[in-house]
Each structure stands twice: as structure tokens, then as C-alpha cells.
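Please look over the chain shown below before reading the notes that follow. They are grouped by topic.

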Amino acid sequence: MDSSAQAYQHRPLAIKLWPPSQGTRLMLVERMTKNLTTPSIFSRKYGLLSKEEAEEDAKQIEDDAFATATQHFEKEPDGDGSSAVQIYAKESSKLMLEVLKRGPRVKEGGELTSGKADATAETVFDISGGRRAFIEGKEAAELLEPLRGPNSYTKIIFSNRSFGLDAARVAEPILISIKDQLKEVDLSDFIAGRTEAEALEVMSIFSSALEGCALRYLNLSNNAVGEKGVRAFRSLLKSQINLEELYLMNDGISEEAAKAVSELLPSTEKLRVLHFHNNMTGDEGAIAIAEIVKHSPALEDFRCSSTRVGSDGGVALAEALGACKHLRKLDLRDNMFGAEAGVALSKVIPAYTDLTEIYLSYLNLEDDGAEALANALKESAPSLEILDLAGNDITAEGAVSVAACISSKQFLTKINLSENELKDEGVALISKALEVGRQLIEVDLSTNSITWSGAKLVAEAVVGKPGFKLLNINANFISDEGIVELKNIFKNSPDMLGPLDENDPEGEDNEGKDEEDGEHDELESKLKGLGI
């Protein structure tokens, strides 16, 4: 580190946290809009806001919260603005909760009025509660009775109930009668325990009954449908041109089934959420999914985790994701991408300016893939909140880039680097980077061959952070004396330190406390010249 850099290190900085930048204010409005339009316990009781109404409310909430916080800040002009930031956040949360409890506004005589549950028609019909059970004809008639005649249901949830043929035939005319008003359909886990022949016929009946409805949300997860099941839903899928959310998780989506989905969907231009978790898609299936992704420019949330995708499929998905400039959440966990697919993905990441969550654990990235991705993320995704790179055989060499990425992200709340090969040297780099994060809540460095030397550094980096909740350094090689010291560091906040029941004080990298102390001194000397 040169002398100018050292001089800069010791120069006192006067940092003003208030007022926030216009970009920060707009980001808060976006997040509140997303929260206000996401189904929740409040929306089930009070109704779900439209995107337009949510945006209007979010802007008003932010304006009011900003004004309140500014008034507070003006009373303490010599402060750094941290208390004004807290008031800004609390006031935003309070006002957003009030809007959620108010519910959507409805037109009455040309005036806008609050539309609470008792003043508006019910919009969600849900029979998924209670124990998982088979449904036959008689019970179906009783359960679905509220759907007969005039009603205002726009969403139906039939999950957790297994429909037999008799029940499906009872549901068919009812669904036909209401399909023009439906916007959201959840048929997840609705044929469990049925024979393949019966299940396929049930799916075909539902598909035909719902053909032509203009859905924004469709969930067909947990049905082990395979290619035959996908094609049983042919009529429904081929008629969907306005889908915004599609869930096909745990459906036995093989290569052939993935090709069928790609073939049957007529348009995905409006698709914002696409989840393919826990299928047996493989490389060829991933290539078919990549075709869907390539034609989904509005995609914000893509999940293709645990799908047996290798390097070729990973490269195809990565290249297709280049078309998704609005991506906010990317989950590709538990596949066999390898370094090549990791490098391919790193080439499209710079386009993701809105990315807040990225899950890339257990992809066999190794240092080359991890370094490429970390370097790309460092230069993009300014609002990143969650970074997951667990189980990728990252060593201290790869930790250099990962640490630089972490230190560039001021909004990071959760970091998962468990089950790597960081050891003390790599953890020293990560610990230095953690000093930057102001909003950090959780760090997982378990199973990294860390001794007391590395554990001490990371513990000291997080223990004083306001709002920090959990440090997981279990399943490492910390000495018994080190454990005692570690607990002493967290004596005022013991809940911050995760369990240590899998720690191995006799681990192969542990050569006694004297050597650990020597290693710690060496690490500290290295850190003095470390620049991230």
C-alpha cells in the first residue's frame, strides 16, 4: 500500500447519511411497490393492490416518510443523519402496514374509498387448508359450492387436495362458468396418490375447462407430471398469452417435458417469474428452458435449481439470461455447471442492475468460475442483498475476488460461503471485506477448515454490527481454547453465534494453540497491507 493510501486511511471522514440520493429513494418506492403487490396474509384478508395503485401508494408513503425524517434531521444539523435514516425506515414501514390493512380502493359514485374485507367481494377461493386428502365427487360438490352462481373470485387454490375423476367431473362445469373472471390458478399437488391414467385424465379435464382463461399466475408444481402431464395441460397452456408467473417445481420435468413446455407456451413476453426447481431436466432440457428464457424479456425471478444441469445446459441458460435485463432474483443452486458455465454467466451479469438476490451454491464453480462471477458482480448489481456461493471449492485464491465483491456491496444482508476451502487465509480476506457492510444480518462460513485464527477475525468483524443476527462457523477446526475465546467475544450477544456442535478441535488443520496464535499474528501482519 503506498504512502498516499496510508495517509488516506488515517484521514478523518465526515460522512452524512442524510438526505438519501434520488436513486435510493426510487429504490425504496420499487421495493414497497413489490411488497404491496405480493400475496400475503394481509392481502387474503383485505385484498391485493393492483400494481398501479401500489405504485401510487408507495410514492406517497416515501414522500411522507422523507418529509418526517427531514424535519427530524433539521433539528440536529450537526448529526450524521443516522437517526433520520432510522425514522425514514420506521415511518415507511408503519405507513406501508396501514396501506396493507386498508386494502385496495374501489370506485363508489366516482369517489375513491377504502375497500376493506367487509366492504369488498372476496377474490380468493382456497381449499388447500387442513390435512392432505383425496376428494371424490360428493365432497367436491360441497367444497366447490361457493363457486356456483354469481361471485367475484379471481383466484382459486386447489392444492393439497387430490382430485379423482368424479371430483374432476364435478369441478369441470363450475370452472367453465367462472374461467372468464379467473386471473390466478393454483393446481399444485392436486393429483397425489392417483394412478397415472386417472391423473392424466383429471389434468386433461381441468385443462379443457380452463382453456382460454386469461391468467397472470399459474402453479402446476408438485404433480410429477412429466411429458405426458405437460401435454395433458396442452389446452390450458396453449391459450396463455398473458402469463406473468409460472411454477413447474418438482414435476418430473425431463428433457422431453421441458421441450413440451417450450413448444406449448405461445408467449412469455410478460413473464416475470419462472420456477423450475427440483426436476430432472438435464442439459438438453435446460437448452429447451433456455428458449423460454430467451423470449422472456420481462423476467425478474428465475429459479432452475436442483435440475441436474451440466456445463452445456448451464452455458445455454447463461446465454439466454442475457436477454433478461430486469432480473432481480436468480437461483441456479445445486447443478453441475462447472467453471465454464460460471464464466459464461459472468458475461451477462453486468446487465443486471436491479439484481438483489443471487444463489449460486453447489455449482462446482471452483476458483475460476467463482472469480469470474465475483468480478462481474463487483461492477454491477449495486443493490445486491443476498450472495450465496456455498459448496464451490473456493480457496483463498478465489477469496480475493469474492472479498472485493463483498466490500463493494453496501446493501448486503446475507452471505453464504459455507462448504468451501477458504481456510484461515481466505477467511481473513472475507473478514476484512465484512467490515464495510452496514446492513449485514447473517454470515455462513461453516465447513471451511477454519482454525481459531480465522474464527477470531470474522467474529470481531461482525460482533459490533447493529442488527447483525447470526454467524455460522460450525464444522471447522477451532481449538477448545478458541471456542472459549469465541464465546467471550459474543458474551453480550450470545445468540449471534450459531451452534458449534460439529466443530472438530482435533481437525487435520489444527496443530495446537501455539501455532494458531503464530498464524493469527501472521494474518494480522498481512491484513495491515491489505486493500479491498
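Nine residues, Glu30, Lys155, Glu184, Arg216, Glu244, Glu245, Arg272, Glu300 and Arg328, are linked in a network of salt bridges. The structure as a whole holds 32 salt bridges. The model is a predicted one, and the values below are computed from it. Side chains of opposite charge can pair when their charged atoms come close.

**The chain as a whole**

- The chain has 532 residues, and 52% of them are buried.
- Its secondary structure comes to 20 helices and 17 strands.
- Among contacts with a separation of 6 or more, 85% are between residues 24 or more positions apart.
- The accessible surface is about 24500 Å², and carbon and sulfur atoms account for 49% of that area.

**Nonpolar cores**

- In soluble globular proteins, nonpolar side chains tend to be buried together.
- The largest nonpolar core in this chain has 129 residues, and Phe158 and Phe302 have the most contacts inside it.
- Helix H7, which covers residues 165-178, gives the most to this core, with 8 residues.
- A separate core of 11 residues lies apart from the largest one, and its members include Met32, Leu36, Ala54 and Leu100.
- Which residues does Phe158 contact, leaving aside its neighbours within four places in sequence? They are Phe125, Ile127, Leu144, Leu147, Phe163, Leu175, Asp186, Leu187, Phe190 and Phe206.

- Asp166 and Arg169 form a salt bridge in which the closest N and O atoms are 3.8 Å apart.
- Both of these residues lie in helix H7, where a spacing of 3 residues is about one turn of the helix.
- Asp166 counts as partly exposed because its relative accessibility is 47%, and Arg169 counts as partly exposed because its value is 43%.
- Arg169 also forms a salt bridge with Glu201, with the closest N and O atoms 3.5 Å apart.
- This second pair links distant parts of the chain, since Arg169 is in helix H7 and Glu201 is in helix H8 (residues 196-210), 32 residues apart.
- Glu201 has a relative accessibility of 36%, so Glu201 counts as partly exposed.

- The side chains of Lys294 and Glu291 meet in a salt bridge, with 3.0 Å from N to O.
- Why are Lys294 and Glu291 separated by about one helical turn? The reason is that they are 3 residues apart in helix H12, which covers residues 282-294.
- Lys294 counts as partly exposed because its relative accessibility is 42%.
- Glu291 counts as partly exposed too, because its relative accessibility is 34%.

**Asp331**

- Asp331 is placed in strand E12, which covers residues 329-331.
- Is Asp331 buried or exposed? Its relative accessible area is 2%, so Asp331 is buried, the cut-off for buried being under 20%.
- The side chain of Asp331 makes a polar contact of 3.4 Å with the side chain of Arg303.
- A polar contact of 2.6 Å joins the side chain of Asp331 to that of Arg333.
- Not counting residues up to four places away in sequence, Asp331 touches Phe302, Arg303, Cys304, Ser305 and Tyr359.
- Phe302, on this list of residues touched by Asp331, is also one of the residues with the most contacts inside the largest nonpolar core.

**Loop residues with positive phi**

- Arg308 is not a glycine, yet its phi is positive, at about 60°.
- Arg308 lies in the loop between strand E11 (301-303) and helix H13 (311-321).
- With a relative accessible area of 54%, Arg308 is exposed, because the cut-off for exposed is over 50%.
- Asn364 has a positive phi of about 60° and is not a glycine either.
- Where is Asn364? Asn364 sits in the loop between strand E13 (357-359) and helix H15 (366-378).
- Asn364 counts as partly exposed because its relative accessibility is 40%.

Technical notes:
Residues are numbered from 1 along each chain as its sequence is written. This is a predicted model: local features need pLDDT of at least 70, side-chain atom pairs count only at pLDDT 80 or more; totals for chains, interfaces and linings use all residues. Side-chain values use heavy atoms; hydrogens and water are left out. A nonpolar core is a set of buried Ala, Val, Leu, Ile, Met, Phe, Trp, Tyr and Cys residues joined through side-chain atoms within 4.5 Å. Buried means under 20% relative accessible area, exposed over 50%, partly exposed in between (1.4 Å probe, protein chains only). Helices (H or I, at least four residues) and strands (E, at least two) are DSSP runs, numbered from the N terminus. Contact means heavy atoms within 4.5 Å. A salt bridge is a side-chain nitrogen of Lys or Arg within 4 Å of a carboxyl oxygen of Asp or Glu. A polar contact is a pair of N or O atoms within 3.5 Å; within protein, one must be able to donate a hydrogen and the other to accept it, and residues adjacent in sequence count only if both atoms are side-chain atoms. Accessible areas come from the Shrake-Rupley method with a 1.4 Å probe; for residues, only the protein chains shown count as cover.
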